[in-house]
Amino acid sequence: MRTACRYGAYRRARKRLAFAGLVIASLLLQGCWDEVNLQDVSYISALGIDYKEDHYEVYAQMIKFALIAKTESLQPDPNPVWNGRGKGDSILLALNDLTQAGHTLLSLEHLKTVLVQERAMSRMNDIMDGINRQRASRYTSLLYGTRAPIEKIFTTDTFFDQSPLNSIMYMPSPLDSQRSFIRPYELQLVMQTLKEPAMVTTLPSLNANESYWTRKKQPLQIQFIDGIFVFHELRYAGYLTEADAAGLRWVNPEFKHFLIKAEGPAGKSTIGIVASRPRLQTSFVNGKPVFTLHLKMAGDISEMAGRMNADEVVTSVESQVKEQIEDTYRKGLAKKMDLFLLEHQLYRYHLKYWKEACKGKIWLPQAEQLKTEVHFQLIHSGNFDLNTDT
């Protein structure tokens, strides 16, 4: 009897301890104390930054939240975009100025793109610092530059009344897959490259043009990339048009596709370049570095007029690409730009020489210090018969 009483008391004590443990554990659980309704939040999808008259101007673009997940759906509203502007002595103060004109909470949690006007690029360090101080800012946001008014870029048109997210500013991959040039960096990579010693960072220049497309006889303003902005570490070095920077296309590690014209004595053809793999090699002659850029390319014939043989196609492509690279190299040196990262090559693989000859100085290679070797492989000619006659 006494044993049964003891067993019952033991069971009751275990139940009390279990109940007490459950109560304590429940107190540690986090509830939805900071829950926010979607209708009470305005999500900024793109941020534009300008600098005028000794103060920052911040432009915010907002898109209907329902379109964030459904970028391909047709929209009954042909322009479901809202643009705002705030001013301040810093990025945060400009954003704060923008909040006073809205009754909802402004959020950067869905920020996809940052667009910096050329006037503000000399303050890139402050801009990056201001963006990264925002708790909700995303390191995967794309970074572009522009020489156009930011309002112009933020009010461009889209095709088929699709979401504004179907544009180069938000989605550069479709354009890059058929016409490779310079892709935008993500903010995380920008922070790494801008603060990397001897590093050159190139940002695509975004613009809008109404010369290509119309709708109901009315011109459409469509986004396109017209050049690059160049930084040496955090110092803004200048701007180059796409034509002047064409040689950088072939050393882009993310190159996918580009069309180039090949010409011979009896015909011409369009060549689709589908691969371009660069390799930079350094040697020293009389104590000075000499760089050799080896470029391996591959492609096929897309169309042909007249007659060409394989050797003529290969020679034409190799000579054009070599000329573009050398032209870009010279034009970069004229603007004191090390576009092919030659100093960074020394920093990475010849640190002792870099410390002696480059560290703490504005170092630029000479025109003769870069040699280019281009090797093009013609994969196939499609349905075209190449003339084998010499």
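Across the whole structure, a search finds one cavity of 30 Å³ or more. On a 1 Å grid over the protein atoms alone, a cavity is a set of points where a 1.4 Å probe fits but cannot get out, whereas a pocket is an open set with protein on both sides within 12 Å along at least five of seven lines; lining residues have an atom within 4 Å of a point. Grid points are joined across faces, edges and corners, and a volume is the space filled by probe spheres set on the points. The largest cavity holds about 80 Å³ of space. It is lined by 13 residues, of which His232, Arg235, Lys336, Met337 and Asp338 are the closest to its centre. Strand E11 gives the most to this lining, with three residues, and strand E12 (235-241) also supplies at least two. Helices (H or I, at least four residues) and strands (E, at least two) are DSSP runs, numbered from the N terminus.

The model is a predicted one, in which local features need pLDDT of at least 70 and side-chain atom pairs count only at pLDDT 80 or more, while totals for chains, interfaces and linings use all residues. Residues are numbered from 1 along each chain as its sequence is written, and side-chain values use heavy atoms, with hydrogens and water left out.

The largest pocket contains about 1200 Å³ of space. Its lining comprises 43 residues, and Tyr185, Val251, Asn252, Pro253 and Leu341 lie nearest its centre. Helix H9 (342-349) is among the elements that supply at least two residues each, and H9 gives the most, with five. By class, this lining has 25 nonpolar, ten polar and eight charged residues (Ala, Val, Leu, Ile, Met, Phe, Trp, Tyr, Cys and Pro count as nonpolar, Asp, Glu, Lys and Arg as charged, and the others, Gly among them, as polar). The second largest pocket has about 1000 Å³ of space. Nearest its centre lie Phe159, Ser167, Ile168, Ile222 and Gln223, and its lining divides into 24 nonpolar, twelve polar and seven charged residues.

In helix H3 (residues 91-99), the buried residues are Ile91, Ala94, Leu95 and Leu98. These residues lie on the same side of H3 because they cover an arc of only 100° around the axis, the arc being that of the directions from the helix axis to the C-beta atoms. Buried means under 20% relative accessible area, exposed over 50%, and partly exposed in between (1.4 Å probe, protein chains only). The cover over the buried residues of H3 includes strand E1 (41-52) and helix H4 (124-132).

Side chains of opposite charge can pair when their charged atoms come close. A salt bridge is a side-chain nitrogen of Lys or Arg within 4 Å of a carboxyl oxygen of Asp or Glu, and by this rule the count comes to 13. In one of them, arginine 119 pairs with aspartate 50, with the closest N and O atoms 2.5 Å apart. Arginine 119 lies in the loop between strand E5 (113-117) and H4 and aspartate 50 in strand E1, so the pair ties together parts that are 69 residues apart in sequence. Aspartate 50 is buried, with a relative accessible area of 2%, whereas arginine 119 is partly exposed at 43% relative accessibility.

Arginine 348 forms a salt bridge with glutamate 196, the closest N and O atoms being 3.2 Å apart. Since arginine 348 lies in helix H9 and glutamate 196 in the loop between H7 and E8, the pair ties together parts that are 152 residues apart in sequence. Arginine 348 is exposed, with a relative accessible area of 52%. Elsewhere, salt bridges that share partners join Asp244, Asp327, Arg330 and Lys331 into one network.

Technical notes:
Contact means heavy atoms within 4.5 Å.
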